[in-house]
2 protein chains.
Amino acid sequence: MLVLVTGAAGMIGRKFVERLARDGRLGSEPIEKLALTDVVAPAEPNAMFTVASRADDIAEPGVAQALVKDRPQLIVHLAALVSGEAESDFEKGYRVNLDGTRNLLEAVRGVGHGYRPRFVFASSIAVFGAPFPAIIPDEFHLTPLTSYGTQKAIGELLLADYTRRGFLDGVGLRFPTICVRPGAPNKAASGFFSNIIREPLAGKEAVLPVPETVRHTHASPRAAVAFIVHAATMDTEAIGPRRSLSMPGVCVTVGEQIASLRKIAGDKVVKRIRREPDAAITRIVAGWPERFDPARATSLGFRAESDFDDIVRAHIEDELGGKVE
Amino acid sequence: MLVLVTGAAGMIGRKFVERLARDGRLGSEPIEKLALTDVVAPAEPNAMFTVASRADDIAEPGVAQALVKDRPQLIVHLAALVSGEAESDFEKGYRVNLDGTRNLLEAVRGVGHGYRPRFVFASSIAVFGAPFPAIIPDEFHLTPLTSYGTQKAIGELLLADYTRRGFLDGVGLRFPTICVRPGAPNKAASGFFSNIIREPLAGKEAVLPVPETVRHTHASPRAAVAFIVHAATMDTEAIGPRRSLSMPGVCVTVGEQIASLRKIAGDKVVKRIRREPDAAITRIVAGWPERFDPARATSLGFRAESDFDDIVRAHIEDELGGKVE
């Protein structure tokens with residue numbers, strides 16, 4: 001099968017591509033060719049199949065058409081301008097996240113002749129906006145409070161309509177916060193959720209700016225890749241017309257995150273977390289959703305870790321070669 | 001004040017314009033100039049203020065900019081391709097209902113220099129899609145099952161984001177079914193709700209294709225105009241970030257509609273309704289929402305008729321000069 005991945009240079013994109021290279025197939029279908037694109041040319045993995053990587057701007061006219069002209073059976077559309085930048089640069093956010101997505105959907109529709117690929121769209125819990133119920137149901141309405149969330153919600157609506165019309169077979173995945181994010185400490189307000197696990201495990205100090213009572217929902221990068229693989233291979237008949245699904249995750253307090261770290265890596269590692277309360281970050285985080293009801297996704301076979309211990313272990317295995325400093 | 005009305009040649013547009021011509025003001029503000037546009041040049045009312053009418057296609061580049069260049073303080077955006085045509089002509093529907101709306105929002109943003117008009121957007125209950133709860137709350141999520149509903153839901157999302165960003169002061173109105181629609185019998189599946197009142201009152205026969213137990217929510221054209229006037233003049237501070245509101249209406253069965261007609265116009269008029277069950281129409285109507293909870297709209301001062309008798313009386317007063325055949 002032919003596979004197209006947009007946003008393939010991002011963290012989730014790279015990990016999904018690595019998994020395809022390792023498996024060589026998706027479900028029962030061997031991969032023949034993998035096309036990767038992003039604003040910078042994505043790294044090409046060592047794989048048994050052909051890989052073509054290119055730098056593209058799908059918001060430019062004609063680019064999306066070129067990407068789908070050899071009719072990939074699977075399109076994984078991860079490309080997006082991140083939340084902070086979509087908020088600070090209004091025009092760029094709409095250009096990348098709305099026009100880019102619409103161009104890709106329109107390019108698929110334009111192929112015609114019965115072409116109807118599986119189309120996996122990375123959405124976000126940012127489609128929901130406060131005030132929230134304690135547990136946000138799949139049927140909670142879309143009232144984003146950011147331009148990024150607005151653009152993702154519009155993407156969900158388009159995905160559902162293009163699917164209903166028979167132009168493609170769409171699945172939208174609302175990712176929870178990804179933890180533990182690999183790489184350098186992140187300055188995003190949510191960065192500490194990963195920092196307090198990743199940095200101590202690497203022998204470094206991390207700052208905790210919020211109380212240990214803060215509650216949030218997490219899934220590992222490995223789980224995020226598994227969501228995409230499942231969305232790419234599942235029987236979509238059972239989804240019905242509501243094509244976007246809140247993904248499962250592990251709902252824990254910061255205190256429970258730290259307890260997992262202690263259990264797996266010991267007190268010496270936990271002591272590298274420095275408490276430095278930050279009122280601004282605490283206030284931002286207080287406005288975030290804590291818990292989702294992923295009933296539809298779990299009934300359709302999507303699986304995340306069952307507790308935070310597993311998330312810490314996944315990070316140690318996947319990023320640290322099984323070793324803790 | 002300067003007022004711009006798009007879709008001003010449509011039924012609601014014409015009635016809103018007539019009301020402005022009659023009142024000469026909106027709230028406490030006298031109207032100085034009224035700009036009207038539609039795909040055909042709207043009729044100009046006799047009014048104390050200046051009226052400029054033109055035929056325009058707001059999906060064309062530059063058109064929306066020309067419409068807002070003299071900075072209307074109020075924009076009433078009613079222009080839309082109707083549901084049936086947006087379903088049969090996919091491209092035209094997205095062009096008019098999505099690109100047209102976005103062009104107008106972008107033109108407003110482009111004016112800059114503190115320009116921040118009140119922007120009243122005609123949305124629709126078509127933003128909701130089955131399965132429904134018995135009463136659809138304002139917080140029910142947006143899962144349209146038509147391209148028209150998708151385009152209106154996207155309009156609601158854009159309206160909220162442009163408002164949040166401070167580019168305009170948006171209010172979205174989800175209209176219920178308008179009854180009694182004046183004019184010739186309508187072939188839309190919903191046409192009978194109006195036909196069975198309007199035609200008998202005009203001395204003509206009407207066909208009822210569904211059982212009398214069918215339940216639906218209605219507001220008169222007069223109430224629809226009042227919704228727009230209220231949205232144009234209300235204090236929007238209390239709306240909060242969720243800018244689109246399900247409007248109130250009268251929830252009745254077809255049997256209750258007929259009982260009102262009998263009470264007001266007598267048995268002779270009711271006898272002009274001919275029962276001719278139509279399985280296809282009955283099946284379509286069975287998938288429609290019956291009842292909404294307009295709690296947010298009513299708490300914000302939006303008012304519809306309190307019973308169906310008032311809807312029948314409004315039609316007789318506004319369309320028949322108070323006389324029944």
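## Start with chain A as a whole

Select chain A and think about its contacts: among those between residues at least 6 apart in sequence, 77% join residues at least 24 apart. Keep in mind that this is a predicted model. In secondary structure terms, chain A has 12 helices and 14 strands. How does the radius of gyration of chain A sit against that of a compact globule? A compact globule of 325 residues would come out near 20 Å, and chain A has 20 Å, so the two agree. Colour by burial if you like; 47% of the 325 residues of chain A count as buried.

## A stop at A:Ala41

Still in chain A, zoom in on A:Ala41, in the loop between strand E4 (33–38) and strand E5 (50–55). Buried, exposed or partly exposed? A:Ala41 has 15 other C-beta atoms within 10 Å, so it counts as partly exposed. Now show its contacts beyond four places in sequence: A:Ser53, A:Arg54 and A:Ala55. For a distance to draw, go from A:Ala41 to A:Gly7: they are 34 residues apart in sequence but 9.6 Å apart in space, C-alpha to C-alpha.

## Over to the sheet in chain B

Select the strands of chain B next. Seven of them make an open sheet, and you can trace it in the order E5-E4-E1-E6-E7-E8-E12 with parallel pairing. At the edges, each pairing on one side only, are strand E5 (50–55) and strand E12 (244–246) of chain B. Look along the sheet and you'll see it twist, by an average of 15 degrees from one strand to the next.

Now pick out E1(B), which is mostly covered, with 4 of its 5 residues buried. On one pairing, E1(B) runs parallel to E4(B), joined by 5 bridges; look for B:Leu2, which stands opposite B:Lys33 in E4(B). E1(B) also pairs with E6(B), again in the parallel sense, over 4 bridges. Here the one to click is B:Thr6, whose bridge partner in E6(B) is B:His77.

Carry on from strand E6 (residues 74–77) of chain B to strand E7 (residues 118–124) of chain B: this pair is parallel too, over 4 bridges. B:Ile75 faces its opposite number, B:Phe119, in E7(B).

Helix H1 of chain B lies across strand E1 (2–6), strand E4 (33–38) and E6 of chain B, and runs at about 160 degrees to E1(B).

## Where the two chains meet

Bring both chains back. Superpose chain B on chain A and you get an RMSD of 0.0 Å from a turn of 180 degrees and a shift of 0.0 Å along the axis. The two copies are therefore related as by a two-fold rotation axis. Which residue of chain B comes closest to the rotation axis? Select B:His141, whose C-alpha is at 1.6 Å.

Now highlight the contact itself, with 17 residues from chain B and 18 residues from chain A. On the chain B side, helix H5 (residues 147–164) gives the largest share, 6 residues. Colour that side by type and you'll find 8 nonpolar, 5 polar and 4 charged residues.

Methods:
Residues numbered from 1 in each chain as written. Chains lettered and ligands numbered in written order. Predicted model: local features only at pLDDT ≥ 70, side-chain atom pairs only at ≥ 80, totals over all residues. Contact = placed C-beta atoms within 7 Å. Helix = DSSP H or I, 4+ residues; strand = E, 2+ residues; numbered from the N terminus. Nonpolar A, V, L, I, M, F, W, Y, C, P; charged D, E, K, R; others polar. Pairing = 2+ DSSP bridges. Axes fitted to C-alpha atoms, helices over the stretch in contact; angles between N-to-C directions. Least-squares fit on C-alpha atoms with pLDDT ≥ 70 in both. Rg over C-alpha atoms; globule rule 2.2 N^0.38 Å. Buried ≥ 20, exposed ≤ 12 C-beta atoms within 10 Å, placed from the backbone.
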